Amino acid sequence: MIPGGGQPNMQQLLQQAQKMQQDLQRAQEELANTEVDGQAGGGLVRATVTGAGELRALKIDPKAVDPEDTETLADLIVAAVHAANENAQSLQQQKLGPLAQGLGGGTGIPGLPF
């Protein structure tokens, strides 16, 4: 319902929706091009992912490599990628959260992580 009992201006609503869609697309493109890092083992393993969660790089300090204990190295890799993905999710919420608010308050919009 529109305050004052008036009818909504459909043209204006369509323009607002189109602008929000363009803003959302621009933010998603920016996320795909932004890289964030995560680390584990005090920096022995570093993972770089995009804001969209795509793994781009993995750096392993030679000190983390023990041929007798590959399980610990695997755990460090998983932890670094997990940390990087958490940072990517925070970035997504920062970039897309305000747009989701404008689309109805983040009520489960498909494709958005909140």
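Biologist: What makes Arg-56 and Glu-54 a salt bridge?
Modeller: Happy to start there, with the note that this is a predicted model. The closest N and O atoms of Arg-56 and Glu-54 are 3.5 Å apart. The rule asks for a side-chain nitrogen of Lys or Arg within 4 Å of a carboxyl oxygen of Asp or Glu, so the pair qualifies.

Biologist: And why is Glu-54 called partly exposed?
Modeller: Buried means under 20% relative accessible area and exposed means over 50%. Glu-54 has 46%, so it falls in between. Arg-56 is also partly exposed, because its relative accessibility is 41%.

Biologist: Which other residue does Arg-56 meet in a salt bridge?
Modeller: That would be Glu-35, at 3.3 Å from N to O. This pair links distant parts of the chain, since Glu-35 sits in strand β1 and Arg-56 in strand β3, 21 residues apart. Glu-35 has 47% relative accessibility and therefore counts as partly exposed.

Biologist: How many salt bridges does the rule give?
Modeller: The count comes to five. One of them joins the side chains of Asp-23 and Lys-19, at 2.8 Å from N to O.

Biologist: How do you know that Asp-23 and Lys-19 are separated by about one helical turn?
Modeller: They are four residues apart in helix α1, which means about one turn.

Biologist: What shows that the length of α1 agrees with a helix?
Modeller: At 1.5 Å a residue, its 24 residues should span 34 Å. The end C-alpha atoms are 35 Å apart, so the two values agree.

Biologist: What makes Asn-9 a cap for α1?
Modeller: A side-chain oxygen of Asn-9 lies 3.1 Å from the backbone nitrogen of Gln-11, at the N-terminal end of the helix. Polar contacts have to be within 3.5 Å, so this one passes that distance test.

Biologist: Which residues of α1 are buried?
Modeller: Asp-23, Leu-24, Ala-27 and Leu-31.

Biologist: Staying with α2, why is Gln-92 called buried?
Modeller: Gln-92 belongs to α2, which covers residues 70-102.

Biologist: Is His-82 buried, partly exposed or exposed?
Modeller: His-82, found in helix α2, has 49% relative accessibility. Exposed needs over 50%, so His-82 counts as partly exposed. His-82 and Gly-38 are 44 residues apart in sequence, with their C-alpha atoms 7.4 Å apart in space.

Methods: Residues numbered from 1 in each chain as written. Predicted model: local features only at pLDDT ≥ 70, side-chain atom pairs only at ≥ 80, totals over all residues. Heavy atoms only, no water. Helix = DSSP H or I, 4+ residues; strand = E, 2+ residues; numbered from the N terminus. Buried < 20%, exposed > 50% of the residue type's maximum accessible area, 1.4 Å probe, protein only. Expected span 1.5 Å × (residues − 1). Polar contact = N/O pair within 3.5 Å; in protein donor to acceptor, adjacent residues only side chain to side chain.
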